[in-house]
Amino acid sequence: MKIWSMEHIFGHSWDQITKAAWQKYPNPMNPNVVGTDVLERHVDEDGVLHTQRLLTTSKWSAPRFVTKLLGMDECCYIYEYSTVNPKSKSMTLKSINLSLSSLMSVEETLRYQQHPEDSQKTLLTQEARIDASTLLGAPSYFEGLVADSFTTNSAKGREAIEWVCKKINTEMQDLAAGAQSFVAGIGLGQGTPTS
């Protein structure tokens, strides 16, 4: 088993980051994620949001002969369970591969928390546990390959969160400008009309 982990600090509030996390897919940095389906969602008695999703990915990066040899489908499925606790300002996403799980297990945990020293920042901790012990020959080699891909994909994921934050901010600015233009166009905010 191989364990991969990292931490990152976003220069955005926890509220902004959690909004961005829900809107992360699709994005230009991770075009292989082609679907996110909500399987179940509820809020418990403590106000914590629980969500189960199925993520669908495509465009395997493995060579075609490897995908044929392993019997890999065009798509790969990942189960994700998440909790969002607005009181403690924490969002935790746990995922596990459903495809190829008989060959390799990949469990990933992402935790977004309000930064303990600056409420305008968010701390991300990310960990992956990779177990290819069922593969004969060189399980540590394959675990290392997957761990290396986490380094690259994690950077793309953080870039995607930043992209969504920027997109949300741009949309908000456009809405505000449109509202101001509308109000100016109908004469509100110009003082009281005289007759």
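Tryptophan 4 counts as buried, at 11% relative accessibility; buried means under 20% relative accessible area, exposed over 50% and partly exposed in between, with a 1.4 Å probe and protein chains only. This is a predicted model, in which local features need pLDDT of at least 70, side-chain atom pairs count only at pLDDT 80 or more, and totals for chains, interfaces and linings use all residues. Residues are numbered from 1 along each chain as its sequence is written, and side-chain values use heavy atoms, with hydrogens and water left out.

**Overall build**

- The chain has three helices and seven strands. Helices (H or I, at least four residues) and strands (E, at least two) are DSSP runs, numbered from the N terminus.
- Read from the N terminus, the order is β-α-β-β-α-β-β-β-β-α.
- The chain has 195 residues, and 34% of them count as buried.
- Contact means heavy atoms within 4.5 Å. Of the contacts in the chain with a separation of 6 or more, 54% are between residues 24 or more positions apart.

**Aromatic rings**

- Rings of Phe, Tyr and Trp (its six-membered ring) pair if their centres lie within 6.5 Å; planes under 30 degrees apart count as stacked, over 60 as edge-to-face and the rest as tilted. The count comes to three aromatic pairs.
- Tryptophan 4 and phenylalanine 150 have ring centres 5.5 Å apart and planes at 35 degrees, so this pair is tilted.
- Tryptophan 4 is in strand E1 (residues 2-10) and phenylalanine 150 in helix H3 (residues 139-185), so the pair ties together parts 146 residues apart in sequence.
- Phenylalanine 150 also counts as buried, at 11% relative accessibility.
- Phenylalanine 10 and tyrosine 112 form a tilted pair, with 6.4 Å centre to centre and 35 degrees between the planes.
- That pair links distant parts of the chain: phenylalanine 10 belongs to strand E1, tyrosine 112 to strand E6 (residues 105-114), and they are 102 residues apart. Both phenylalanine 10 and tyrosine 112 are buried.
- The charged end of arginine 41 sits over the ring of tryptophan 22, 5.0 Å from its centre. Such a charge has NZ of Lys or CZ of Arg within 6 Å of the ring centre and within 35 degrees of the ring normal.

**Helix H1**

- In helix H1 (residues 14-22), Trp14, Ile17, Thr18, Ala20 and Ala21 are buried.
- These residues cover an arc of only 160 degrees around the axis, which puts them on the same side of H1. The arc is that of the directions from the helix axis to the C-beta atoms.
- The cover over the buried residues of H1 includes E1, strand E4 (76-85), strand E5 (90-97), E6, strand E7 (122-131) and H3.

**Glutamine 126**

- Glutamine 126 lies in strand E7. Glutamine 126 is buried, with a relative accessible area of 6%.
- Neighbours within four places in sequence aside, glutamine 126 is in contact with Trp4, Ser5, Met6, Glu108, Thr109, Leu110, Phe150 and Ser154.

**Cysteines**

- The structure holds zero disulfides, a disulfide being a pair of cysteine sulfur atoms within 2.5 Å.
- For cysteine 76, the nearest cysteine sulfur is that of cysteine 75, 8.7 Å away.
- Cysteine 76 is buried, with a relative accessible area of 8%. Cysteine 165 is buried too, at 3%.
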